[in-house]
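Here's a friendly walk through one protein model. Have a look at the structure first, then read on.

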Amino acid sequence: MTPAGKRIALMTFGVLALAAAGGYTATHLALKHGVQLNTYGNEVGGSFRLMDSTTGTMTDQTFRNRWMLVLFGATHCAEDACAPALRNMSAALDQVEGGRHNAVIIFVSLDPDRDDAERLRQYGESIGPRIVSGTAAPFALADLAKEYHAPIEKVPDPEWTYTMRMSPQFVVMGPEVRYKGMVDARADSAHMAADLRRIMQSQNGE
């Protein structure tokens, strides 16, 4: 390799190394440091900051002007309840929105020790394109779950040692990050769709 070629190769390696370090740093900071939450005056829900499934960070402002349907759980979910709930909500949104994508399902993992970015990515892809997954440090998750009225419960499991129980409701946040209601996470897609239509039509009528 010529001297010029070596310099180019070293520069390319340096750029890639910096990019990788930046991704690692973003993930590390997202998991280690939380941010002060803001309810925005909501009785339920408000701001959040999570490590997403691309090892970056996402906040409530990432999805401003879109509906957000927030569910807490884990990929190791008690009674295997999380995946069916997410699939049902995805189907409900398809019924309500058709081909539009004005809403996003945000799945918050309460198990950051096992649910790293790659696992969250695979989990979301196995369910559907409407799912956006994220997690945070345990103390930050505790604050966020409290903000969204989601209980945190670890359940012993003979196969996985423990699982995390799914929150009983999807919290529905409007496009301006305002709390609009809840949808039963164990309902079927038809009942979810009916509840979503009622909640969204109420927003449009304001």
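## A hidden charged pair

Let's start with Arg 130: with a relative accessible area of 4%, this residue is buried. Keep in mind that we're looking at a predicted model.

So what does Arg 130 meet in a salt bridge? The partner is the side chain of Glu 97, with 3.0 Å from N to O. Glu 97 sits in helix α2, while Arg 130 belongs to the loop between α3 (117-127) and β5 (131-135), so this pair ties together parts that are 33 residues apart in sequence. Glu 97 counts as buried too, at 3% relative accessibility.

Now for Arg 165 and Glu 79. These two form a salt bridge, and their closest N and O atoms are 3.5 Å apart. Arg 165 is found in the loop between β7 (161-164) and β8 (169-173), and Glu 79 in the loop between β3 (67-73) and α2 (82-97), so the contact ties together parts that are 86 residues apart in sequence.

Is Glu 79 buried or exposed? Glu 79 is exposed, with a relative accessible area of 59%, whereas Arg 165 is partly exposed at 27%.

## One more bridge, and the tally

Asp 115 and Arg 119 make another salt bridge, with 3.5 Å between the closest N and O atoms. Asp 115 is buried, its relative accessible area being 0%. Arg 119, on the other hand, is partly exposed at 32%.

How many salt bridges does the count come to? It comes to 11 salt bridges.

## A strand wrapped up on both sides

Time to look at strand β3. Here, 7 of the 7 residues are buried, so the strand is largely enclosed by the rest of the structure. Both of its faces are covered: Trp 67, Leu 69, Leu 71 and Gly 73 are buried on one side, and Met 68, Val 70 and Phe 72 are buried on the other.

## Who sits beside β3

Which strand runs parallel to β3, joined to it by 7 bridges? That's β4, residues 103-109. As one example, Met 68 has Val 104 in β4 as its bridge partner. Together with helix α2, strands β3 and β4 make a right-handed β-α-β unit.

β3 also pairs with β8, this time in the antiparallel sense, over 3 bridges. Within that pairing, Val 70 has Val 171 of β8 as its bridge partner.

Conventions:
Residues are numbered from 1 along each chain as its sequence is written. This is a predicted model: local features need pLDDT of at least 70, side-chain atom pairs count only at pLDDT 80 or more; totals for chains, interfaces and linings use all residues. Side-chain values use heavy atoms; hydrogens and water are left out. A salt bridge is a side-chain nitrogen of Lys or Arg within 4 Å of a carboxyl oxygen of Asp or Glu. Helices (H or I, at least four residues) and strands (E, at least two) are DSSP runs, numbered from the N terminus. Buried means under 20% relative accessible area, exposed over 50%, partly exposed in between (1.4 Å probe, protein chains only). Two strands pair if DSSP finds at least two bridges between them. A crossover is right-handed if, with the strands pointing away from the viewer, the path from the first strand over the helix to the second runs clockwise.
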